[in-house]
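Here's a quick briefing to read alongside the structure. Have the viewer open and follow the topics in order.

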Amino acid sequence: MGPLVELKGITRSFGGVRALKGIDFDLRPGEVHALLGENGAGKSTLMRVLAGEITPDGGAILIDGASVAPYDPRVAASHGIAVIHQETALAPDLSVAENIFMRELPGIIAWPALNRRAAVLLKQLGFAIDPRRTVGDLAVAHQQVVEIAKALSQKVRVIVFDEPTAVLSTGDAERLHGIIAGLRAEGVGIVYISHRLEEVFRISDRMTVMKDGRVVGVTTPRDASVEDVIRMMVGRPLAALFPKAEGRRIGDEVLRVADLRRGNRVRGVSLSVRAGEIVGLGGLVGSGRTETVRLIFGADRRDDGTIHLRGEQARISSPLDAVLAGIGLVPEDRKHQGVILDMPIRTNTTMARLAPVVNALGFLRLRVERGLVEALSKRLRLKSAGVDAPASSLSGGNQQKVVLAKWFHAGTDVIILDEPTRGVDVGAKAEIYALIEELAAAGRAVLVISSEHQELFGLCDRVLVMAEGRIAGELQPADYSEERLLTLAMTRGAAPLRKAS
Amino acid sequence: MSVVTEDLPEGKRQRIEVSELFRRYGTAAIFLVLVIGAASQSQAFLTERNVMNVLRQVAPTGIMAVGMLFVILTRGIDLSVGSLLALGSVSCALTAAAGSGTPVAVAAAVGAGAAAGIVTGVLVAYAELPPFVITLAMMTAARGSALILASGQPIMMGDPGEALTDFGSGFVLGVPQPVILMFAVFVVAGVVLNFTKFGRIVKAIGSNAEAVRLSGIAAPRYVMAVYVISGALAATAGIISASRTGVGSGSIGVGAELDVIAAVVIGGASLMGGRGGVVNTLLGALVMGVIGNIMNLADVPGYNQQVFMGGIIVVAMLLQYGARWLRR
């Protein structure tokens, strides 16, 4: 059978940077074709070309063997091509049902029928989401499901998933893989972009690896190992992603929180972190991990609970209080909470501690600042066009490094990282792990939230598992296994395995 | 696209640079085109007398535009400036008429504007109410207050002292005093915006308020400050009006907020916050002034002028935003 879609010799530049350098890519009916590569390799750009969102500078797009031109989102949609982007494109104030049927809403809406159809569709996907709910109120994972339902509400022949599982918990990811298997059986062509290689190997039929805007290899899970693919992606073998915890000394307790509470999301969390210690916070999406660290950081108001720093009670009711007390947070949502995209790397880096770059009259000492930030960006191996380049010009991994640089510069005793490597490529991940290790080695107390279990196990000295707003238990390195972690995460706050210290 | 040949990185690069040029220098280009066009059509335009006249007329709008720029940079809006201009002029005239002298009259006016700014600031920054609605409320309330203070009558300043009388009509080195004040305000604002912590945080709040808050910065203080600055500068524009006419009035400056917003927007500031500069805002105010002047010189009736002014705002937006289409 001939391919559904062929991209031939696609080129595209942005401001002199050649993002795509002659890409050939094809998709056959009923196959799961994984597209792999580091961030910045050009995967998302290529998929935006496929969706008709950007026009290539050169090359041809063939559908069912025939060249299609001109090509734009409408043409793409008319050929049944749907792209589920990393960032959802839903209307947050509309209901789930309205979003799903956005493209075919009638002038007068028959609500019961619309909601019923939406419910059926969501149920087929294996999710019980109320179609009347406002999309903005849903968890990110469920918004993603709505996005998928929206794509499937129309006849699709090609569907692109751009890092769908980055925000999904393991159970939800399994259900998504079930959906994909179903689509595949119906002859739909599926492009699957993910940084989680083990799942790629499990579900894909073919894999195309991209690097620096070129295709460096096309293979299948049978013909290549995970190591082979990583080597293709980064151009070098990655012996160990995780740094060795050598020379790190765990000292006195720095942070202790007791009985934190907020609504029904955080229901009495107690935990502590020592100097030089990396503590993991695992659990399913929605188990209250992010909410808990936001309470510690003063980003949300807590109903109850105390926070002690080095044995003394800290009054924290705002992020300002937290930073002054010596707590830093690398937030979950990099683009909306972490970096200021329009502003230079330099400005972003010094934002949490301006004192060294401001004189007594409130004037900025720009030369001092530039020197400081240049040194820091070298230390963090930031890939940029210089410290005056806007944060928006950086890849996801490098943006995250800027957020890390901010807390390196602020020098807080406690650093909390919420999903620090989400949507970050393998190479940058290893670098971020090394930086986290470096923070701990410098005696900082580090608390890491992650939905990637191997990340928690590779990085942390111990892992606390949350379920339904409580700490369900603690895992020591000897106990590390996905099964144990999931058992704790899904047994709904059963008797703790070991009381959190 | 059916081109199967090599890509054209050169052409692409140029297009993007062009779009950036439009964004940065669009306002200057409009200004230059207007000045050159006007000078070639009218002998009277480039005379010293006329130029100073334009600048003098622009001064109040320009001064208020600086305050508005700060507010807009934080992603806010201040609809109360026209009313605060009136409140400033009445406060100034009342205190001057009572014989309290120039410093007190100036302080009273600026204090009234700043106080209104504090009220707005608290409601917007701390109570987190929408600035559009809150400043709309302040616009009504301040207008009413000005009329109450003035009992609905024009307030004669009497003899407020030489400095204040001179201010409206006097010159320094051939330049009207309000114009010098306007340039001074722009210079100070430019320095504050580009070289101080305050300016940086104001811009950062407009770009991403949540990231600023999560960096441990007390953002509400800065948001509050911009409304105080805007209020104080609006009242300053009121002082200019009072000293020029010798009268404080509760009914002046109706609709002035729209001219001020137009000047800032023609100057390329984004109502979505974070983007905008002092030089372009000055140019935006000058563009408005020059257009009015040209049409007066050409005897265009007032109503037609308004229609034309609307057209110019659209043209400015096309220049700044239309460049985006090129990037597609």
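**Where the two chains meet**

Across the interface of chain B and chain A, there are nine residue pairs in polar contact, counting pairs with both residues at pLDDT 80 or more. Keep in mind that this is a predicted model.

**Chain B against chain A**

- On the chain B side, α1 (9-41), α7 (177-195) and α8 (197-213) each supply at least two of the residues that touch chain A.
- The top contributor there is α8(B), with eleven residues.
- Sorted by class, the side of chain B that touches chain A has 15 nonpolar, eight polar and twelve charged residues.
- In terms of contacts, 35 residues of chain B meet 46 residues of chain A.
- Putting chain B and chain A together buries about 3100 Å², and carbon and sulfur atoms give 59% of that.
- How many salt bridges are there between chain B and chain A? The count is two.
- A salt bridge links the side chains of A:E369 and B:R200, at 2.5 Å from N to O.

**The two domains of chain A**

- Chain A splits into domain 1 (5-234) and domain 2, which is made of 253-342 + 411-490.
- About 1200 Å² is buried between domain 1 and domain 2 of chain A, with carbon and sulfur atoms giving 59%.
- For salt bridges between domain 1 and domain 2 of chain A, the count is zero.

**Salt bridges and aromatic pairs**

- Over all chains, the whole structure has 32 salt bridges.
- One of the pairs is A:D461 with A:R248, whose closest N and O atoms are 2.9 Å apart.
- A:D461 sits in the loop between α16 and β19 (462-467) of chain A and A:R248 in the loop between α8 and β11 (253-262) of chain A, so this pair ties together parts 213 residues apart in sequence.
- A search of the whole structure turns up five aromatic pairs over all chains.
- Among them is the stacked pair of A:F457 and A:Y480, at 4.7 Å centre to centre with 20° between the planes.
- Helix α16 (residues 453-459) of chain A holds A:F457, while A:Y480 lies in the loop between β20 (470-475) and α17 (482-490) of chain A, so the pair ties together parts that are 23 residues apart in sequence.

**Backbone details**

- Most residues other than glycine have a negative phi, and most peptide bonds are trans.
- A:A69 and A:P70 are joined by a cis peptide bond, with omega about -5°.
- A:P70 is in the loop between β5 (66-67) and α2 (73-78) of chain A.
- A:D212 isn't a glycine, yet its phi is positive, at about 50°.
- You'll find A:D212 in the loop between β9 (206-211) and β10 (214-219) of chain A.

Key:
Residues are numbered from 1 along each chain as its sequence is written. Chains are lettered from A and ligands numbered from 1 in the order in which they are written. This is a predicted model: local features need pLDDT of at least 70, side-chain atom pairs count only at pLDDT 80 or more; totals for chains, interfaces and linings use all residues. Side-chain values use heavy atoms; hydrogens and water are left out. Domain bounds come from an automatic or database domain assignment. Buried area is the accessible area (1.4 Å probe) that two parts lose on being put together, summed over both. A salt bridge is a side-chain nitrogen of Lys or Arg within 4 Å of a carboxyl oxygen of Asp or Glu. Contact means heavy atoms within 4.5 Å. A polar contact is a pair of N or O atoms within 3.5 Å; within protein, one must be able to donate a hydrogen and the other to accept it, and residues adjacent in sequence count only if both atoms are side-chain atoms. Helices (H or I, at least four residues) and strands (E, at least two) are DSSP runs, numbered from the N terminus. Ala, Val, Leu, Ile, Met, Phe, Trp, Tyr, Cys and Pro count as nonpolar, Asp, Glu, Lys and Arg as charged, and the others, Gly among them, as polar. Rings of Phe, Tyr and Trp (its six-membered ring) pair if their centres lie within 6.5 Å; planes under 30 degrees apart count as stacked, over 60 as edge-to-face and the rest as tilted.
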